[in-house]
Amino acid sequence: MSRLIVTTSWDDGSILDLKLGELLTKYGIKATFYIPRFSKRITPMQNIDLLELAANHEIGAHTVNHAHLTLIPQSDAKAEIEGSKFYLEEILGKKVKMFCYPFGEYNEDTKQLVKTSGFSGARTVKFNGLKDIPDPYEFGITTAASNHQSDESGEIARYSQAVSIKSLSDWEVKAKVLFDLAIAEGGIWHLWGHSWEIDDHNDWNKLERVINYVSHRPGVTYASNGETVDTVYSRS
Ligand SMILES: [Zn+2]
């Protein structure tokens, strides 16, 4: 049997992350929640909520102000990255190992800053299929918990089977088909989304069906993003 890791990540920090975290925990699915200090999103979490979420899931940094890291001066980018780590570690009382680039925007300088700030990996919004990738600071995703965020054209070529991913307009169907493929081929199945979006689209039942579908499978490792990076990239 090919080795498969199932991981999920959720961005931007909303009070709805608590509901999402509970749902994932119910099915034994691990997650990383990437949370900026300040965000224009609907109701943010308070410190006590962050601690509650952190009891079962990983918290990752997402800058201080959800900044466009490639568009601001390097010194500001540094402050955004380091500041977000410090902020979360003060609240959580433990090391924050993972980072996520706001808007998926990064370049070599950004990657270097994330590395030297002490993060062990960083998540992008690149659709990397099911493959391990060589760089932990360009950790990609497999599929989105939304019908509107998928880089369809870039995605298609990545699957060895002629699964017509493009024809799968419903994210539930797509997530399940990709999971079936992942079971056969191994690798990383990484679901990504936003709790506010699940709520906006009334997708809680849909999400629960997907989570149920991928849960409790023999031989599958369920891991946070940080644990996935540790497992995949500490081999050398
Ligand atoms: Zn974000």
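Visitor: What spacing do the donors of the zinc ion follow along the chain?
Guide: The model is predicted, so local features need pLDDT of at least 70 and side-chain atom pairs pLDDT 80 or more, while totals for chains, interfaces and linings use all residues. Residues are numbered from 1 along each chain as its sequence is written, and side-chain values use heavy atoms, without hydrogens and water. Donors are N, O and S atoms within 2.8 Å of the metal (3.2 Å for Na, K and Ca); water is not among the atoms, so sites may look incomplete. Along the chain, the donors of the zinc ion have the spacing D-x49-H-x3-H.

Visitor: Which residues are the protein donors of the zinc ion?
Guide: The donor atoms lie 2.0 to 2.1 Å from the zinc ion. They are OD of Asp12, NE2 of His62 and NE2 of His66.

Visitor: How many residues apart in sequence are the parts that aspartate 12 and histidine 66 tie together?
Guide: Helices (H or I, at least four residues) and strands (E, at least two) are DSSP runs, numbered from the N terminus. Aspartate 12 is in the loop between strand E1 (4–11) and helix H1 (16–26). Histidine 66 is in the loop between strand E3 (58–61) and helix H3 (74–92), so the pair ties together parts whose separation in sequence is 54 residues.

Visitor: Is aspartate 12 buried or exposed?
Guide: Buried means under 20% relative accessible area, exposed over 50%, and partly exposed in between (1.4 Å probe, protein chains only). Aspartate 12 has 4% relative accessibility, so aspartate 12 is buried.
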